[in-house]
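Biologist: I would like to learn how to read a model like this one, feature by feature. Could you walk me through it?

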Amino acid sequence: MEKCNIAGYDRLIISIVSRNSGEKLVEAARNAGAKGATIVQCRCSSDNALLQFLGIDESDNDMVLILVDSSSFDTIFSAVLNYSEEHRLSGFSVVQRLSSVMKCIVSETGSRVENIETGAEIASNALIISVL
């Protein structure tokens, strides 16, 4: 298996938009330099006033996750926001700074968490909750 090189990727853009809008949002991010993204179908649930404030409702939505480096962050995030505004997408985007990125490996023999950049094992024989 090819090792994932994510050195320098230190920000995660998280956008929640109405269902079936995620693909076009990813396309806009890729056109601005993003290497890729993950789209997760989700359903938001919270106080109605909070959801209205965030521009979403309790219907099905797309959650778009885009891992970016600091040198391309401004361009990619601007593209995400501009696309959302131009196409009047309901939803919101936030940015999370990352100190490290981990991966969860689940197998028949057990589970472990590794630092993707170093390959160092962080935990073994731990209870890991994951969505597959």
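Predicted model: local features only at pLDDT ≥ 70, side-chain atom pairs only at ≥ 80, totals over all residues.

Biologist: Which elements does the protein have, and in what order do they run?

Modeller: There are 3 helices and 7 strands. Reading from the N terminus, the order is β-α-β-α-β-α-β-β-β-β.

Biologist: How many residues are there, and what share is buried?

Modeller: Buried residues account for 30% of the 132 residues. As for the surface, the protein exposes about 8800 Å², with carbon and sulfur atoms supplying 49% of it.

Biologist: Let's turn to the backbone. Where is Asn20 found, and what is its phi?

Modeller: Asn20 is found in the loop between β1 (9-18) and α1 (22-31). Its phi is near 70°, a positive value in a residue other than glycine. Asn20 counts as exposed because its relative accessibility is 65%, and the cut-off for exposed is over 50%.

Biologist: And what is the phi of Arg88?

Modeller: Phi of Arg88 is near 50°, again a positive value in a residue other than glycine. Arg88 belongs to the loop between α3 (70-86) and β4 (91-97), and at 78% relative accessibility it is exposed.

Biologist: Now the charged side chains. How many salt bridges does a search of the whole structure find?

Modeller: The search finds 3 salt bridges. To read one, look for a side-chain nitrogen of Lys or Arg within 4 Å of a carboxyl oxygen of Asp or Glu. Arg19 and Asp62 form such a pair, their closest N and O atoms being 3.2 Å apart. Arg19 lies in the loop between β1 and α1 and Asp62 in strand β3 (residues 60-69), so this pair ties together parts that are 43 residues apart in sequence.

Biologist: Are Arg19 and Asp62 buried or partly exposed?

Modeller: Arg19 is partly exposed, at 25% relative accessible area, whereas Asp62 is buried, at 5% relative accessibility.

Biologist: Which side chain meets that of Asp10 in a salt bridge?

Modeller: That of Arg11, at 3.8 Å from N to O. Asp10 is partly exposed, with a relative accessible area of 23%, while Arg11 is buried at 13% relative accessibility.

Biologist: How far apart are the closest N and O atoms of Glu27 and Lys24?

Modeller: They are 4.0 Å apart, in a salt bridge. Both residues are in helix α1, and being 3 residues apart, they are separated by about one helical turn. Glu27 is partly exposed at 42% relative accessibility, and Lys24 is partly exposed with a relative accessible area of 46%.

Note on methods. Residues numbered from 1 in each chain as written. Heavy atoms only, no water. Helix = DSSP H or I, 4+ residues; strand = E, 2+ residues; numbered from the N terminus. Buried < 20%, exposed > 50% of the residue type's maximum accessible area, 1.4 Å probe, protein only. Areas by Shrake-Rupley, 256 points an atom, 1.4 Å probe, with all protein chains shown as cover.
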